[in-house]
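Subject: Handover of a structure and summary of findings

Dear colleague,

Please find the structure below, together with its sequence.

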Amino acid sequence: MPDGAKTIRIEVLRYQPGERQEPYAEVFEIPFTHDMSVLEGLQYVKDNLDGSLTYRWSCRMAICGSCGMMIDGKPRLACRTFLRDFEGTVRVEALAHFPIERDLVVDASDFVEKLPRIRPWIEARAPRDLAQGEYLQTPDELARYEQFSHCINCMLCYAACPQYGLDPKFIGPGLIALLHRYNQDSRDAAAGKRNELVHADEGVWSCTAVGYCSEVCPKQVDPASAVNRNKTASALDWFARFLPGRG
Amino acid sequence: MKRSSQPVFWLLFGAGGMLSALLGAALVFVTGIAGPLGWLGRDLMGYPHMLAVARNPLGKAFALAVVSLFLWHAAHRIYHSLHDLGLRTGPLAWLACYGVALAATLAAGVALLSLGF
Amino acid sequence: MVRRTYTRPMEGWWRRDPFFVRYMAREATSLFVELYALILLAGVVSLARGPAAYEAWLAWLASPFAILLHVLLFFVFAYHTLSWFRIMPKTMPPVVVAGRAVGPRAITGAGVAAAVAASLAFVAVVAALAP
């Protein structure tokens with residue numbers, strides 16, 4: 001290390017299932033510069049101090065959603081969190097509310113399994129052929145769903161949501177926001193099928209409006225809004241279904 | 001997937017929450033501070049005046065709404081908080097929470113109706 | 001290579017972050033709403049029982065303990081008002097007024113303002129109708 005280089009300690013919650021039964025903390029002291037992210041800090045550790053350190057990453061620019069982890073107890077993207085913002089020691093741990101696979105890698109299979117269940121695709125109102133050309137959408141129609149389309153599936157909202165942590169049967173904030181994105185798209189006609197999930201206990205009714213999901217979302221998707229708006233709609237639908245003229 | 005039974009309770013929770021958010025503090029001030037301390041007149045909460053209020057249809061409805069909706073709001077929140085604290089929320093917990101709201105609604109309704117108009 | 005995932009316990013989750021502590025404080029206001037409603041219920045039931053029963057309830061209400069309790073209740077209800085209108089915007093679809101979107105802080109402000117107005121109106125009506 002060059003003389004006078006600033007150093008910082010990264011305390012990682014290690015978990016190596018073949019070697020030890022339980023997770024354990026390990027501290028690495030690394031040099032850092034003003035522009036280094038936590039991800040780059042982990043890369044320094046892996047490259048220079050301990051090659052066995054395991055973590056996910058890809059784009060390093062907050063768009064792929066791979067590097068989500070708990071940094072000083074808060075769900076954050078490692079590539080977008082900077083070492084300069086911490087004093088002395090940064091505590092790093094695998095994303096909360098998911099089983100730890102190894103070190104900072106979680107078992108995300110619950111999220112992946114749920115993803116197709118919300119039907120994250122456009123189901124057209126009627127069959128459409130190429131001669132009809134592209135769909136036209138006004139700026140207002142786009143505005144109805146655009147923010148919810150910004151989700152990068154990073155799962156920080158799942159780490160933020162205590163209801164998901166307490167009961168993983170909950171569909172969860174991110175997927176309900178994505179579900180809402182498709183329901184709100186003027187090209188789509190499958191809201192009826194998706195709302196079966198919305199109306200269930202595992203749907204919006206597991207949410208208690210903690211709101212931390214929207215706080216931690218790196219893309220300002222505001223999943224709390226998507227879930228809680230659908231509570232109002234779901235509650236009204238509970239009564240509306242008895243009205244004549246409904247299916 | 002089975003439809004949740006939550007909506008009814010959530011709407012009651014919302015109604016009670018809204019009513020208490022708008023008037024709760026003021027009600028506490030009137031009935032619990034200003035009233036007993038005589039700041040709005042010594043006879044404000046006296047038996048004759050309160051009887052007259054309870055006999056008035058609007059007064060009756062308001063009193064029932066406050067007691068009932070506040071308790072439905074609290075029941076729903078307390079029940080879900082038990083779950084948040086990691087306690088098992090089986091039928092006994094459900095009854096302890098919502099049962100109080102139901103019993104109170106009935107008790108208040110009976111008491112207010114017994115006073116006549 | 002062994003594959004054995006590790007599930008971390010949820011015990012004490014709400015103590016791990018100030019955001020969660022504030023959430024639990026918000027939820028805890030319900031205990032005080034319950035308490036106040038039960039005090040009022042006791043009042044309504046005692047009223048139905050007759051002047052003697054009602055005077056007993058009123059005497060308790062005027063006791064120093066009850067007054068202090070209601071001072072505490074007042075502040076808890078005020079916190080409920082604030083926290084209620086803070087979360088309310090999340091339950092609403094986008095609000096557009098005069099072609100412009102209304103943000104959550106404006107909705108919260110409007111809610112709190114409505115609560116203040118309603119409270120003042122309520123006290124005014126009570127004072128006006130006082131014997």
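This is a predicted model: local features need pLDDT of at least 70, side-chain atom pairs count only at pLDDT 80 or more; totals for chains, interfaces and linings use all residues.

Chain B

On that basis, chain B has four helices and zero strands. Read from the N terminus, its elements follow the order α-α-α-α. The C-alpha trace of chain B spans about 55 × 30 × 20 Å along its principal axes. Its radius of gyration is 17 Å, whereas the globule rule gives 13 Å for 117 residues, so chain B is more spread out than a compact globule. Of the 117 residues in chain B, 47% are buried. Among the contacts in chain B with a separation of 6 or more, 70% are between residues 24 or more positions apart.

The axes of α3(B) and α4(B) come within 8 Å and cross at roughly 175°. Angles over 145 degrees count as roughly antiparallel, and α3(B) and α4(B) are therefore roughly antiparallel to each other. The residues that α3(B) brings to this contact include B:Leu64, B:Val67, B:Leu71, B:Trp72 and B:Ile78. Those from α4(B) include B:Trp94, B:Cys97, B:Tyr98, B:Val100 and B:Leu112. By class, the residues of the contact of α3(B) with α4(B) are 18 nonpolar, three polar and one charged.

Contacts of chain B with its neighbours

Chain B touches both chain A and chain C, and the two interfaces are described in turn.

With chain C, 45 residues of chain B are in contact with 44 residues of chain C. Four elements of chain B, namely α1, α2 (47–55), α3 and α4 (91–114), each give two or more residues to this side. The most comes from α1(B), with 14 residues. In terms of class, the side of chain B that touches chain C holds 31 nonpolar, eleven polar and three charged residues.

With chain A, ten residues of chain B are in contact with 13 residues of chain A. Here α1 (6–34) and α3 (57–84) of chain B each supply at least two residues of the side that touches chain A. The largest share, four residues, is that of α1(B). This side of chain B has four nonpolar, three polar and three charged residues.

The sheet of chain A

Chain A contains an open sheet of five strands, arranged in the order β2-β1-β5-β3-β4, with mixed pairing. The edge strands are β2 (24–31) and β4 (74–77) of chain A, each of which pairs on one side only. From one strand to the next, the twist averages 35°. Helix α1 (residues 38–49) of chain A packs on the sheet and touches β1 (7–14), β2, β3 and β5 (89–93) of chain A. The direction of this helix makes about 95° with that of β2(A).

The individual pairings show how the mixed sheet is assembled:

- β1(A) and β5(A) run parallel and are joined by four bridges. A:Glu11 stands opposite A:Arg91 in β5(A).
- β3(A) and β5(A) pair in the antiparallel sense over two bridges. A:Ile71 stands opposite A:Val92 in β5(A).
- β3 (residues 68–71) of chain A and β4(A) pair in the antiparallel sense over four bridges. A:Gly68 has A:Leu77 in β4(A) as its bridge partner.

Two residues with positive phi in chain A

The loop between α3 (139–143) and α4 (156–160) of chain A holds A:Asn153, and A:Met155 is found in the loop between α3 and α4 of chain A as well. Phi of A:Asn153 is near 55°, a positive value in a residue other than glycine. Phi of A:Met155 is near 70°, again a positive value in a residue other than glycine.

Are these residues buried or exposed? A residue is buried if 20 or more other C-beta atoms lie within 10 Å of its own, exposed if 12 or fewer, and partly exposed in between. A:Asn153 has 16 other C-beta atoms within 10 Å and is therefore partly exposed. A:Met155 has 28 C-beta neighbours inside 10 Å, so this residue counts as buried.

Yours sincerely

How values were computed: Residues are numbered from 1 along each chain as its sequence is written. Chains are lettered from A and ligands numbered from 1 in the order in which they are written. Two residues are in contact if their C-beta atoms, placed from the backbone, lie within 7 Å. Ala, Val, Leu, Ile, Met, Phe, Trp, Tyr, Cys and Pro count as nonpolar, Asp, Glu, Lys and Arg as charged, and the others, Gly among them, as polar. Axes are lines fitted to C-alpha atoms, for helices over the stretch in contact, and angles run from 0 to 180 degrees between N-to-C directions. Angles under 35 degrees count as roughly parallel, over 145 as roughly antiparallel, 65 to 115 as roughly perpendicular and the rest as oblique. The radius of gyration is taken over C-alpha atoms; the globule rule is 2.2 Å times the number of residues to the power 0.38. Two strands pair if DSSP finds at least two bridges between them.
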